[in-house]
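Here are my notes for you to read beside the model. Please check each point against the structure as you go.

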Protein chains: 2
Amino acid sequence: MTQSPTRPGNTEVTVAVCQIAPRVGDPGGNQLRIRAAVETAAGRGAQIVVLPELSNSGYVFSGPDELRASAEPLDGPTLREWKALAARHRLVITGGFAELGEDGRVHNSAALVDPTGLRATYRKAHLWNLEKTYGFIPGEAPPPVVDTVYGRIGLMVCYDLEFPEWVRLAALEGAQLLCGPVNWPLYPRPDGERPGEIVRVQADAAVNRMYVAVADRTGTERGQDWLGGSVVVDADGYPVTSLSLGQEAILTATIDLAVARDKAISERNDVHGDRRPALYTPAPEERS
Amino acid sequence: MTQSPTRPGNTEVTVAVCQIAPRVGDPGGNQLRIRAAVETAAGRGAQIVVLPELSNSGYVFSGPDELRASAEPLDGPTLREWKALAARHRLVITGGFAELGEDGRVHNSAALVDPTGLRATYRKAHLWNLEKTYGFIPGEAPPPVVDTVYGRIGLMVCYDLEFPEWVRLAALEGAQLLCGPVNWPLYPRPDGERPGEIVRVQADAAVNRMYVAVADRTGTERGQDWLGGSVVVDADGYPVTSLSLGQEAILTATIDLAVARDKAISERNDVHGDRRPALYTPAPEERS
């Protein structure tokens, strides 16, 4: 794996996860909401900003036509705005958006931009429920891991985080921070329990000794309630932001990404070195 | 995958996880502790009983000689006792023990016995810290998944549970309940946080919609404190036993293993069917 460039003597970075409430059918309003969130985050010292899934478009589409009308090419207004914000505030920005591909297909995508421009895009590979009926086409490429001035940052979207194999790919590529734009629907859970989506992200982080920053949406959209479970989790798997379930919030945490280069968890254990990939081949009917 | 035989009209089963305190160098005492725990569990209605890792031997060996002296072949007193207990109380018993192989090598093993006898053994494939210096040889075989009268039960040991690839193998083989004998060392954690080991088991369960029953040890052994984090987690990833951190305890839960056959989590999602194994091939340097 390639080691990321570091700033000598300082590997701390402030990450903001922006829990906002995009509205379907209101792209102009969503752009303003994102701008306000990013400016607030920058004002609080954020250097890396994470936005929710489909933050340009909202989520609960009436159907394929409404999705298609919300989708944008990579040179559309959403990524132009993010690049301008990144340049103006010296930020790395990651977030989700509805992408209209050059071939006319529509994807649930994410992008990473920094002051130099668009660094990576990604198309969600594991689609959730109605996304399949809206006409989203799943991605075929692994999660990108990008060398930034702050370290190596990986990127995937929402339900992708529930597939440990997918998270592992990013971690083995050297991601020190995995950014996850999400839209987590609100489900019932037992009294006193932390939402399972957050628990699973904690595990993603710990088994890879990698930070994970999740920006969830909030609000209610066409009757769908959202969890609002944004969180930054450290390389031990514990949250380093307080939860602000269901509320609009900009949550920040200052973390040391150098920690995530060291995979040791005991004198003789290393979460990646201890893997036994030769034994992980699934049963023949599983290979496809 | 093979469907397990079911008892018509009743798929509920009571599982007990036995949080006991084995002592190194006291095999006779350990046998009595196990017997008492199994009898207590049976008295509370348990049908499946899980014992900790290395429950016959204790854990903190002075070195390879003490380990070797504690290790037993498959026809040794420990498995003879477990088979007798299983037959007497009509139980499935899983637990960990120090195994002396026919070739003289020593393994950190687990067994599953039922009233018909020894059904499966397993050798821990991912060794923890000092286990490497004690002379344990890691296993090379995948986790077994056994058809029992109650459903399909998988088996692995402690640190194995931290490798989602390994857990996935058992789940894809149809395990409805994964039994994990563990010895979790006590580590510091942030105030108010559930131990990360339990969080990771919750994720293991949820991403596979499979029950997980972990029996941890407790007590202090040659200065080593143990977590005592035994837990049964349901297929949604939430604990169904109360935690009894650090205490000796027999914890029971009545669960419906039929739930774990259905991997659907939305109208259009299935935690196994949504996997994309063709995309999970790691980078070439990862293959070994």
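1. P181(B) has A215(B) as its bridge partner in β9(B). Strands β8 (residues 177–181) and β9 (residues 211–215) of chain B run parallel, paired over five bridges. Two strands pair if DSSP finds at least two bridges between them. Helices (H or I, at least four residues) and strands (E, at least two) are DSSP runs, numbered from the N terminus.

2. This is a predicted model: local features need pLDDT of at least 70, side-chain atom pairs count only at pLDDT 80 or more, and totals for chains, interfaces and linings use all residues. Residues are numbered from 1 along each chain as its sequence is written, while chains are lettered from A and ligands numbered from 1 in the order in which they are written.

3. In chain B, five strands form an open, mixed sheet in the order β6-β7-β8-β9-β12. β6 (145–148) and β12 (231–233) of chain B stand at the edges with a single partner strand each, so one side of each has no neighbour in the sheet.

4. Now chain A. Five of the five residues of β8 (residues 177–181) of chain A are buried. Buried means that 20 or more other C-beta atoms, placed from the backbone, lie within 10 Å of the residue's own. L177(A), C179(A) and P181(A) lie on one side of β8(A), and L178(A) and G180(A) on the other.

5. β7 (residues 151–155) of chain A pairs with β8(A) in the parallel sense over three bridges. I153(A) has L177(A) as its bridge partner. On the other pairing, L178(A) stands opposite V212(A) in β9(A).

6. Is helix α6 (residues 196–206) of chain A enclosed or open? Eleven of its eleven residues are buried, so α6(A) is largely enclosed by the rest of the structure. Its cover includes α5 (164–172), β9 (211–215) and β12 (231–233) of chain A, together with α6 of chain B.

7. The contact between the chains takes 43 residues from chain B and 43 residues from chain A. Residues are in contact if their C-beta atoms, placed from the backbone, lie within 7 Å. On the chain B side, α6(B) gives the most, with six residues.

8. How do the copies meet? 100% of the interface residues of chain B are also interface residues in chain A, so the copies meet through the same surface. A rotation of 180 degrees with 0.0 Å of shift along its axis superposes chain B on chain A (RMSD 0.0 Å). That is the relation of a two-fold axis. Copies are superposed by least squares on the C-alpha atoms of residues with pLDDT of at least 70 in both.

Conventions. Contact = placed C-beta atoms within 7 Å. Buried ≥ 20, exposed ≤ 12 C-beta atoms within 10 Å, placed from the backbone.
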